[in-house]
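Hi,

Here is the structure I promised to hand over.

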Amino acid sequence: MGNRDFAVARYTNDGSLDSTFSGDGLQTTNVSGLSDQASGLAIQTDGKIVLAGSTTIEGSSDFAVVRYQTNGSLDTTFGGDGIVTTAIMAANDVGRSVVIQPDGKIVVAGYSDNGASNDFAVVRYLSNGSLDTTFSEDGIKLISFSSVDDQGYSVGLQFDGKIVVGGYTGVTHRFAVTRLTTDGEVDITFATLGKAILGIGNVDDIAYALAIQPDGRIV
């Protein structure tokens, strides 16, 4: 089996491939030369397309973000070639979801392996692809719910700019949700010191997606 690449397709409103996008409606991007996997997609207000996921570099995975122009070409104003990768810890870092702030900053959430366990990981980028150092001082925030296994799957943006991330925690997985302030700190006014954990069934409960209602309620 060959290595995987990021892939995006654009359709017209009748369901046919849009030939104004990369000539045939399809675009693939080899991020690192090894295995790449896109898990999240967001559209900027200017129509540019942002894909987020992970790529394999030197034997472990890193966050990977790719931005395309509206015509499907790589946007070279982002990271110099349209591609940005971020190594958070020495082991695996996996991006899974992306949201675009009104100011154009890009927030990617997933998880990072610290060598002993996984933590929620949130990275915020400036519009040019560089890390936003106004967010948690270096652009990267790790959140631990347990000493075992915490994985973020989905990210949402409140109207006040606060960032909500959902996923799971623990060996017996339970819903896990955290909220960050606009500067990347855990919002202790949310749930219990910024973290909500919920067991629904008797075995595994995993939150793969979240959405924020107009009234601020989190689903």
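Two words on the source. This is a predicted model, in which local features need pLDDT of at least 70 and side-chain atom pairs count only at pLDDT 80 or more, while totals for chains, interfaces and linings use all residues. Residues are numbered from 1 along each chain as its sequence is written, and side-chain values use heavy atoms, with hydrogens and water left out.

**Salt bridges**

The whole structure has ten salt bridges, each defined as a side-chain nitrogen of Lys or Arg within 4 Å of a carboxyl oxygen of Asp or Glu. Another bridge links Asp18 and Arg10, whose closest N and O atoms are 2.9 Å apart. Asp18 is buried, at 11% relative accessibility, whereas Arg10 is partly exposed, with a relative accessible area of 25%.

The pair I would show you next is Asp132 and Lys105, with closest N and O atoms 3.1 Å apart. Asp132 sits in the loop between strand 9 and strand 10 (140–143) and Lys105 in the loop between strand 7 and strand 8, so this pair ties together parts that are 27 residues apart in sequence. (Strands are DSSP runs of E with at least two residues, and helices are runs of H or I with at least four; both are numbered from the N terminus.) Both partners are covered: Asp132 is buried at 2% relative accessibility, and Lys105 is buried with a relative accessible area of 17%.

**Cores**

What is the size of the largest nonpolar core? It has 16 residues, and Phe63, Val65, Val98, Ile106, Val108 and Tyr125 have the most contacts inside it. A nonpolar core is a set of buried Ala, Val, Leu, Ile, Met, Phe, Trp, Tyr and Cys residues joined through side-chain atoms within 4.5 Å. Strand 4 (49–57), strand 5 (60–68), strand 7, strand 8 and strand 9 (118–125) each give two or more residues to this core, and strand 9 supplies the largest share, three residues. Apart from this core lies another, of 13 residues, including Val107, Ala109, Ile143 and Val165.

Tyr125 is worth a click. Leaving aside neighbours within four places in sequence, its contacts (heavy atoms within 4.5 Å) include Phe63, Val65, Ile106 and Val108. Also among the contacts of Tyr125 are Lys105 and Asp132, the two partners of the salt bridge described above.

**Paired strands**

Eight of the eight residues of strand 7 (93–100) are buried, so this strand is largely enclosed by the rest of the structure. Strand 7 runs antiparallel to strand 8 (106–113), and seven bridges join them; two strands pair if DSSP finds at least two bridges between them. Val99 stands opposite Val107 in strand 8. The hairpin of these strands has five residues between them, with Gly104 at a positive phi near 90°.

Strand 12 (163–169) is mostly covered too, with seven of its seven residues buried. On one side, seven bridges join strand 12 to strand 11 (150–157), antiparallel, and Gly152 stands opposite Gly167. Their hairpin has five residues between the strands, and Gly161 in the turn has a positive phi of about 90°. Strand 12 also runs antiparallel to strand 13, again with seven bridges; there Ile163 has Leu180 as bridge partner. In this second hairpin, with four residues between the strands, Gly170 takes a positive phi near 90°.

**Loops**

Which residues have a positive phi although they are not glycines? Ser22 is one, at about 60°, in the loop between strand 1 and strand 2. Leu193 is another, at about 55°; this residue lies in the loop between strand 13 (174–180) and strand 14 (195–198) and is exposed, with a relative accessible area of 60%.

Best wishes

Definitions and conventions:
Buried < 20%, exposed > 50% of the residue type's maximum accessible area, 1.4 Å probe, protein only.
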